[in-house]
Amino acid sequence: MEKITRDTLEKILLNRTHLVESYFFCKRQFFLNLFGIYNHNHNLLEIGRVMHKKRDNTEQEPVKVDQIDWEGGKIIEFKKHDISFSSEIQAYYYLKRLNSYGSTIKKAVVRSIEKRKSKIVNYPDQAYEQYISEMVNYICSYEKIPSRKEKRGLCSNCSLFEYCWVE
Ligand code: SF4
């Protein structure tokens, strides 16, 4: 398979920032999504669509976050269940993008609707930068789509469960 260059990846992530979350959730999901394989009928995606219809007027923004609190100087991302590391770093990536466009917003709040918990993510942060750098290195050196996770129980919340597990 043809390798992805850093420039190409940068362009892909400009318009498809959500792929960062996919990568940290599951590398295989990242590549499947990258090549256009989605399951739009999955109930979690439907929940996401309903939530995103309620977004503020951000449709023209390059970074489509769930909500921007301009006065409070923060972005807010909503998650239905747990606040995973992948959603944390996705929020960080949004901050990184916004700052690259000259925004002064340095804080993100990731909120779990079900658990009523929040996680604060600040920009800049060396540890998140390191993860993003490792992500870029991995994607730009990949040779084939990674295998599915070891146990199907780890995939129960994934919209591509049937794709990977139904044989
Ligand atoms: S079903 Fe599992 S292995 Fe397949 S993309 Fe989803 S999380 Fe990854």
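Analyst: Lysine 96 is partly exposed, because 19 other C-beta atoms lie within 10 Å, where burial would require 20 or more. This residue is found in helix H5. Please note that the model is predicted.

User: How far apart are lysine 96 and tyrosine 123 in sequence and in space?

Analyst: Lysine 96 and tyrosine 123 are 27 residues apart in sequence, and their C-alpha atoms are 7.0 Å apart in space.

User: What is the peptide bond from tyrosine 123 to proline 124, cis or trans?

Analyst: That bond is cis, with omega near 0°. Proline 124 lies in the loop between strand E4 (117-122) and H6.

User: Back to H5. What does H5 give to the largest nonpolar core?

Analyst: The largest nonpolar core has 26 residues, and those with the most contacts inside it are Ile75, Ala91, Tyr92, Tyr94, Leu95 and Ala108. At least two residues of this core come from each of H2, H3, helix H5 (85-100), strand E3 (107-112) and helix H6 (126-140). H5 gives the most, with seven residues.

User: And isoleucine 75, what is it in contact with?

Analyst: Setting aside neighbours within four places in sequence, isoleucine 75 is in contact with Val65, Gln67, Ile68, Ala91, Tyr94, Leu95, Ile105 and Ala108.

User: Let us turn to the strands. How do E1 and E2 run, parallel or antiparallel?

Analyst: Strand E1 (residues 67-69) and strand E2 (residues 74-79) run antiparallel and are joined by three bridges. Glutamine 67 stands opposite isoleucine 76 in E2. E1 and E2 form a hairpin with four residues between the strands, in which glycine 73 takes a positive phi near 65°.

User: How do E2 and E3 run, then?

Analyst: E2 and E3 run parallel, with six bridges between them. Lysine 79 has serine 112 in E3 as its bridge partner. Serine 112 also has a bridge partner in E4, namely lysine 117. E3 and E4 are joined by six bridges and run antiparallel.

User: What is found in the turn between E3 and E4?

Analyst: E3 and E4 form a hairpin with four residues between them, and arginine 116 is in the turn. Phi of arginine 116 is near 55°, which is a positive value in a residue other than glycine.

User: Why does arginine 116 count as exposed?

Analyst: Arginine 116 counts as exposed because it has 7 C-beta neighbours inside 10 Å, and the cut-off for exposed is 12 or fewer.

User: Changing topic: which residues surround the ligand?

Analyst: The ligand is surrounded by Cys26, Arg28, Gln29, Leu32, Arg148, Lys149, Cys155, Cys158, Leu160, Phe161 and Cys164. By class, this shell has seven nonpolar, one polar and three charged residues.

User: Which helices supply at least two residues of that shell?

Analyst: They are helix H3 (27-34) and helix H7 (161-165). H3 gives the most to the shell, with three residues.

User: Which residues of H3 are buried, and what covers them?

Analyst: Arg28, Gln29, Phe30, Phe31 and Leu32 are buried in H3. What covers the buried residues of this helix includes helix H2 (19-25). H3 is followed by glycine 36, whose phi is positive, near 90°.

User: Finally, what is the mean pLDDT, and where is the pLDDT below 50?

Analyst: The mean pLDDT of the protein is 87, and 86% of its residues reach 70 or more. Over residues 54-60 the pLDDT is below 50, and this stretch has seven contacts in the model beyond near neighbours in sequence.

Notes
Residues are numbered from 1 along each chain as its sequence is written. This is a predicted model: local features need pLDDT of at least 70, side-chain atom pairs count only at pLDDT 80 or more; totals for chains, interfaces and linings use all residues. A residue is near a molecule or strand if its C-beta atom, placed from the backbone, lies within 6 Å of it. Ala, Val, Leu, Ile, Met, Phe, Trp, Tyr, Cys and Pro count as nonpolar, Asp, Glu, Lys and Arg as charged, and the others, Gly among them, as polar. Two residues are in contact if their C-beta atoms, placed from the backbone, lie within 7 Å. A nonpolar core is a set of buried Ala, Val, Leu, Ile, Met, Phe, Trp, Tyr and Cys residues joined through C-beta atoms within 7 Å. pLDDT is the predictor's confidence in each residue, from 0 to 100. Two strands pair if DSSP finds at least two bridges between them.
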